[in-house]
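Subject: Structure handover

Hello,

Here is the structure I promised to pass on. My notes on what turned up follow below it.

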Amino acid sequence: MQLNDTAAIVTGGASGLGAATAAALAAKGAQVFAFDLPQAIEDAPEVAGVTYVGVDVTDPEQVAAAVATASASDVPLRTVVNCAGIGPSMRILGRKGPHDLAFYAKVVQVNLIGTFNVMTLAAEQIAQTEPLADGARGVVINTASIAAYDGQVGQAAYASSKGGVVGLTLPAARDLAQFGIRVLTIAPGIIETPMLATVSEEFRAGLAAGVPFPQRLGRPEEYAQLALAMVEHDYLNGEVVRMDGALRMAPR
């Protein structure tokens, strides 16, 4: 599928994986609508071809309005890349007592339900576009994590939410096949995102040393490169691809 003269939605588009993906899609000729929280958009860089839309991905009404904005452009909506997510940690039993249930629910709400919410409402609009070759209409790329498979100490909520994204991939691809919409998932390893910017170089070097090859942290641009390859590869569907340098996370 070609990106030129199409519209694309990227959630979490103001920073990190989302910002890199939004810029890459725009460079390919797509009109990109970067969804993110209003406070995140305030600090987002101006990028040609990228329009920022303030939206909470867990709010159905906000998402419906934002998707309508993306669908109202003069080109068809074909691509959705869900990057919005949070990654706080808490042990099931810690020094302060048992895992807070509201904390757990919040992580699942953002990472899993938010992903499902955007995918569903955007798919409704993509399904109304004119079909391309083989009946293709578009593609949804969701973001999981290697924590879905190798969740560490303190990652019960995060690993649960990302495991849900992995489990969603195949049934979603099967559900949306009749509309010509592919569904794929990227499971990144340790990526240089704003969340890692606050830690020391020594700590970052320690993380990189655990990666078999290449022995460094991943880059948001590499995530964007993989997302673009998935968009353009019409026979890739219902699959989860790890992007982690062959890293398998230790318990802690």
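Start with the second largest pocket: its lining has eight nonpolar, four polar and three charged residues. In this classing Ala, Val, Leu, Ile, Met, Phe, Trp, Tyr, Cys and Pro are nonpolar, Asp, Glu, Lys and Arg are charged, and the others, Gly among them, are polar.

Before the rest, the ground rules. This is a predicted model, in which local features need pLDDT of at least 70 and side-chain atom pairs count only at pLDDT 80 or more, while totals for chains, interfaces and linings use all residues. Residues are numbered from 1 along each chain as its sequence is written, and side-chain values use heavy atoms, without hydrogens and water.

**Pocket and cavity**

The second largest pocket holds about 290 Å³ of space. Its lining counts 15 residues, and Asp134, Ala136, Gly180, Arg182 and Asp234 lie nearest its centre. The structure also has one cavity of 30 Å³ or more. The largest cavity holds about 30 Å³. Met1, Ala136, Gly138, Val139, Gly180, Arg182 and Asp234 line it. By class, that lining divides into three nonpolar, two polar and two charged residues.

The cut-offs: on a 1 Å grid over the protein atoms alone, a cavity is a set of points where a 1.4 Å probe fits but cannot get out; a pocket is an open set with protein on both sides within 12 Å along at least five of seven lines; lining residues have an atom within 4 Å of a point. Grid points are joined across faces, edges and corners, and a volume is the space filled by probe spheres set on the points.

**Helix packing**

Helices (H or I, at least four residues) and strands (E, at least two) are DSSP runs, numbered from the N terminus. Axes are lines fitted to C-alpha atoms, for helices over the stretch in contact, with angles from 0 to 180 degrees between N-to-C directions.

H4 (residues 101–126) packs on H6 (residues 156–176) at about 20°, with the axes 8 Å apart. The two are therefore roughly parallel (under 35 degrees; over 145 is roughly antiparallel, 65 to 115 roughly perpendicular, the rest oblique). The contact (heavy atoms within 4.5 Å) includes Tyr104, Phe116 and Met119 of H4 and Tyr158, Lys162 and Leu168 of H6. By class, it has 14 nonpolar, four polar and one charged residues.

H1 (residues 16–27) and H8 (residues 220–232) also have axes 8 Å apart, at an angle of about 50°. H1 and H8 are therefore oblique to each other. Among the contact residues are Leu17 and Thr21 of H1 and Glu221 and Tyr223 of H8. The classes here are nine nonpolar, two polar and one charged.

The axes of H3 (residues 60–71) and H4 come within 10 Å and cross at roughly 40°. Their contact involves Pro60, Val63, Ala64, Val67 and Ser71 of H3 and Asn117, Val118, Leu121, Ala122 and Gln125 of H4. Seven of these residues are nonpolar, three are polar and none is charged.

**Backbone points to check**

Most residues other than glycine have a negative phi, and most peptide bonds are trans. Asp134 has a positive phi near 65°. Asp134 sits in the loop between H4 and strand S7 (138–143). Asp5 has a positive phi of about 60°, in the segment before strand S1 (7–11). Phe213 and Pro214 are joined by a cis peptide bond, with omega about -5°. Pro214 lies in the loop between helix H7 (201–209) and H8.

Best wishes
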